[in-house]
Amino acid sequence: MKRIAVILVLLALVVPTMAQHRSRHHEPRFDYTVTAGVSFNQIDGDDAGSYNKFGIHASVGTTFSLTEDTESPWRMLVEVGVMQKGSRVPQIDRVIGLTYVELPLALTYKMSSFRIGAGVAPAFLAQANVTDGGVHSQVTEDNFRKIDRFPAFLDVQYRGGDHWGINVRAYNSMLSVVDEAATGTYRIFRSNMGVFNRNVTVGVSYRF
């Protein structure tokens, strides 16, 4: 947990720095946002099929216009954040807790008060905690890959004013998040077998 606390402190320091940069240079092409909320998680291929593992997520990010036209509805989203994922498997009394540092990148389109987007969010495993029947399972923890290389996500944001907004995202790993899977499922192609994170997040955002 110490590593997670350090990451959150760094995020808290980055946000005001970015806000000062914006006010100092009056750069209209960029905006800066901090987001925090809850995550609803499952792991496809672990013999459990419900979003029954809850966590938290927090991020800071920016969007910027892809052209000199600052009124263009198309913008690029870049973030850095921390997200808790995992699953509960009641059949075998297994609880999987995974904490990732993620780097979401997305192309977004603004329509009135809504923003929709799609992209990828490469994620680096900061901490894994697995228990089977209440007993710590180091072997299962070590089987999780240090990088979730290709999680795709869809993003929807509603913003009623200049600052506050509500964000909903759906994540789905396209590549297996474990080195070896005794059982599992697949993504798109049957040859792409393994175990995959699937997550939904709901959060509140504040734009500077």
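# Notebook: strands, rings and a few residues

I note here that the model is predicted. Strand β12 covers residues 185-187 and β13 covers residues 189-194; the two run antiparallel and are joined by three bridges. I looked up the connection and found a hairpin with one residue between the strands. I188 sits in that turn with a positive phi of about 65 degrees.

**N192**

I stayed in β13, where N192 is located. Is N192 buried or exposed? I read a relative accessibility of 18%, so N192 counts as buried, because the cut-off for buried is under 20%. I then checked what its side chain reaches. The backbone oxygen of M174 is at 2.8 Å from the N192 side chain.

**Overall counts**

I recorded two helices and 14 strands in the protein. Of its 208 residues, 41% are buried. I took the contacts with a separation of 6 or more and found that 62% of them are between residues 24 or more positions apart. The accessible surface is about 11,000 Å², and carbon and sulfur atoms hold 64% of that.

I took strand β10, residues 151-159, and sorted its residues by face. The covered face has P151, F153, D155, Q157 and R159. The uncovered face has A152, L154, V156 and Y158. Which strands are joined to β10 by bridges? Strand β6, residues 114-120, runs antiparallel to β10 and is joined to it by seven bridges. I picked out I116 there and found V156 as its bridge partner in β10. Strand β11 is also antiparallel to β10, with nine bridges between them. On this side, F153 of the covered face stands opposite Y171 in β11. I also noted that β10 and β11 form a hairpin with four residues between them.

**Rings**

I searched the whole structure for aromatic pairs and got seven. One of these is W164 with Y206, edge-to-face, at 4.8 Å centre to centre and 70 degrees between the planes. The pair links distant parts of the chain: W164 is in strand β11, residues 164-173, and Y206 is in strand β14, residues 196-207, 42 residues apart. I compared how open the two residues are. W164 counts as exposed, at 57% relative accessibility, while Y206 counts as partly exposed at 26%. Ring pairs link W164, Y206 and F208 into a cluster.

I then looked up K85. What does the charged end of K85 sit over? I found the ring of Y171, with its centre 5.5 Å away. K85 also lies over the face of Y100, at 4.8 Å from the ring centre.

**N41**

I moved to strand β1, residues 30-44, which holds N41. N41 is buried, since its relative accessible area is 0%. A polar atom of its side chain lies 3.3 Å from the backbone oxygen of Q84. I left aside neighbours within four places in sequence and listed its contacts. Among them are S50, Y51, N52, K53, F54 and G55, as well as M83, Q84, K85 and G86. R198 and N199 are also in contact with N41.

I looked up G81 in strand β3, residues 74-89. At 1% relative accessibility, G81 counts as buried. I took the C-alpha distance from G81 to A123 and got 9.2 Å, for residues 42 apart in sequence.

From A123 I went on to K146, 23 residues away along the chain, with 8.5 Å between the C-alpha atoms. Where is K146 placed? I found K146 in the loop between α2 (138-142) and β9 (147-148). K146 is exposed, with a relative accessible area of 59%. Beyond residues up to four places away in sequence, K146 touches A123, F124 and L125.

Terms used:
Residues numbered from 1 in each chain as written. Predicted model: local features only at pLDDT ≥ 70, side-chain atom pairs only at ≥ 80, totals over all residues. Heavy atoms only, no water. Pairing = 2+ DSSP bridges. Buried < 20%, exposed > 50% of the residue type's maximum accessible area, 1.4 Å probe, protein only. Contact = heavy atoms within 4.5 Å. Polar contact = N/O pair within 3.5 Å; in protein donor to acceptor, adjacent residues only side chain to side chain. Phe/Tyr/Trp six-rings, centres within 6.5 Å; stacked < 30°, edge-to-face > 60°. Lys NZ or Arg CZ within 6 Å of the ring centre and 35° of its normal. Areas by Shrake-Rupley, 256 points an atom, 1.4 Å probe, with all protein chains shown as cover.
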